[in-house]
Amino acid sequence: MYPKAYRTLRRHWFYRILAFLAGIVLLYAPFALLTRLILWASGSPLLPDAHRICMRMPVQWLAQPWMYGTMLEQPAYLVVILVLPGIALFAGPLFCGWLCPAGGLTEYLSRIVPPRFQIDLGGRVNPVPIRYGFTVGMMVASFIGGNVCCSFCNFTHTQNIISAVFGDFTGIAYWASFSVVSFALWFVVLGIFTKGGRGWCNFLCPAGALQGLTHSLGRWLRLGRSVQIERTRCSGCKECLSLCPTWAISEKEDVLEVNAHACNVCMDCTQVCNRNAIAYRPNKGTAPQRAPETAGAN
Amino acid sequence: MKTTVKWALALLGLAFAVGFGLWAQSLFVKSELVHFSVNFPSDGRAETMSCCDLGGPWSRDRDPEWNDYAAGGVLAYGEEGAVVIDVGQQGLLKRFLQPNYISISTHWLRNVGTQPRQIRLAMEMCGWDLEWVTFERDWDEVAKISTRFIEPGDGYNMDWFFTIPAKERNQTTICEGQLDVYDAETDDLLTELPIKIVNSTAN
């Protein structure tokens, strides 16, 4: 019913789920420890929850220079446009792959759903252009009277779920039409019923788009690290491709490669490769890519 | 993947974002999760200084000593006047799943005067039970008072939730309520905002 690789990944997922729980404690009410620290340091009078470190509005505001002052006055807004992309430049979207509760929730719950009930887009669809287009569209929409930030926010849904777990049902009590649509897309269609559980992240997350952009820039500039495939070691079994939650691994002319725009450095793939062909390696000094040897030669 | 295909997919994503955003905003301004701005004080005039729509702030007259907002307003969109929630314009899903549970919000209860003020809020919506929710730390839930002074140019936040009695929904004007903003120290009325619940599709 489930791929055999799930057994191999148990230990790795244990650490990732610990990080996911840490993400909740750092960013989401009733804990929101990192948020509390930022609010205290900035003298903000607001209560801490997922909205204070907003992962959507500042991305939209990149196209609105008159909002730059607001972002400087409230430094929590700088997390998604400076801190996370800065980390991604050197280390990849570690926030996405390890800390983000919104992405992690659907990914881990999707692992419970048998794969035969899930939409499998791995290796078939490149979500990167759609995600970049959506992010630009979010900026464009604000200029013509549209709102995609708050109306399409999966972080709000995650906060509402976590608050409800701790007895505050205010968030889940009110249903707006766009909230119902966004929840259905995030949690159901592109969430637990999509293989990997990261369909929303892959197609529709502006925070992920920004981090993917700087991660690929880092690889191009040979800065930091990224997940790479050593083609001389790769047997082409595609175990990594079938497991990748962000569909970042694809096959091109019989060669597997990792798309840095899509990879969230969860490193599930590195755990299942029995040839150590795929690993999280420094970008600097990466061996020149060569065509693989014929099957059986290794 | 061919470049043309990539660009087509990117345009698809862009179109989806724009389309969804326009649809969501059309609901935001009329019927679902309606947001509005309220500026205080209104210099002794018991008139609304507010506008509907996401956004804000909007100031009709600028106090001579306060330079941050141009007289006449800086808002990109919205109108002065009463907040109007039209339940007849709710989206299909809202109308089907939860038609009578209403939420209105202001994240821009803004002090457009020159002195810091603590404010007391009073809202009357036809005697309905109101749930007050805020992400302000400094809020006295019982007295409905901000326990911090709101500096000139600074704002305050409040959300309200209430339920329209089902038997009252099918009326053109369901309720004419009001939000009053008082100076908590002197009890002076700083501004008042009419809030109307209507149903444009009522029989």
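These questions and answers walk through a predicted model of chains A and B. Local features need pLDDT of at least 70 and side-chain atom pairs pLDDT 80 or more, while totals for chains, interfaces and linings use all residues. Residues are numbered from 1 along each chain as its sequence is written, chains are lettered from A and ligands numbered from 1 in the order written, and side-chain values use heavy atoms, with hydrogens and water left out.

User: How much area do chain B and chain A bury between them?
Analyst: The size of an interface is often given as the accessible area lost when the parts come together. Buried area is that loss, taken with a 1.4 Å probe and summed over both parts. Of the area between chain B and chain A, 74% is on carbon and sulfur atoms. The value is about 3,100 Å².

User: Which residues of chain B lose the most area to chain A?
Analyst: Three residues stand out here, with 17% of what that side buries between them. They are B:Phe20, B:Phe135 and B:Arg137.

User: How many salt bridges does the rule find across the interface of chain B and chain A?
Analyst: A salt bridge needs a side-chain nitrogen of Lys or Arg within 4 Å of a carboxyl oxygen of Asp or Glu. Across this interface, 11 residue pairs are in polar contact, both at pLDDT 80 or more. A polar contact is a pair of N or O atoms within 3.5 Å; within protein, one must be able to donate a hydrogen and the other to accept it, and residues adjacent in sequence count only if both atoms are side-chain atoms. The count of salt bridges is 0.

User: Which element supplies the largest share of the side of chain B that touches chain A?
Analyst: Helices (H or I, at least four residues) and strands (E, at least two) are DSSP runs, numbered from the N terminus. Helix H1 (3-30), helix H2 (92-97), strand S4 (101-111), S6 and S9 of chain B each supply at least two residues. The largest share is 16 residues, and it comes from H1(B).

User: Is A:Thr194 buried or exposed?
Analyst: A:Thr194 lies in the loop between helix H12 (177-192) and helix H13 (199-204) of chain A. Its side chain reaches the backbone oxygen of A:Val189 at 2.7 Å. Buried means under 20% relative accessible area, exposed over 50%, partly exposed in between (1.4 Å probe, protein chains only). At a relative accessible area of 0%, A:Thr194 is buried.

User: What kind of aromatic pair do A:Phe183 and A:Trp186 form?
Analyst: Rings of Phe, Tyr and Trp (its six-membered ring) pair if their centres lie within 6.5 Å; planes under 30 degrees apart count as stacked, over 60 as edge-to-face and the rest as tilted. A:Phe183 and A:Trp186 are 3 residues apart in helix H12 of chain A, so about one helical turn separates them. Their centres are 5.8 Å apart, with 70 degrees between the planes, and the pair is edge-to-face.

User: Where does A:Asn274 lie?
Analyst: A:Asn274 counts as exposed because its relative accessibility is 71%. The C-alpha atoms of A:Asn274 and A:Glu239 are separated by 9.6 Å, though the two are 35 residues apart along the chain. A:Asn274 lies in the loop between helix H16 (268-272) and strand S4 (278-282) of chain A.

Notes: Buried area is the accessible area (1.4 Å probe) that two parts lose on being put together, summed over both.
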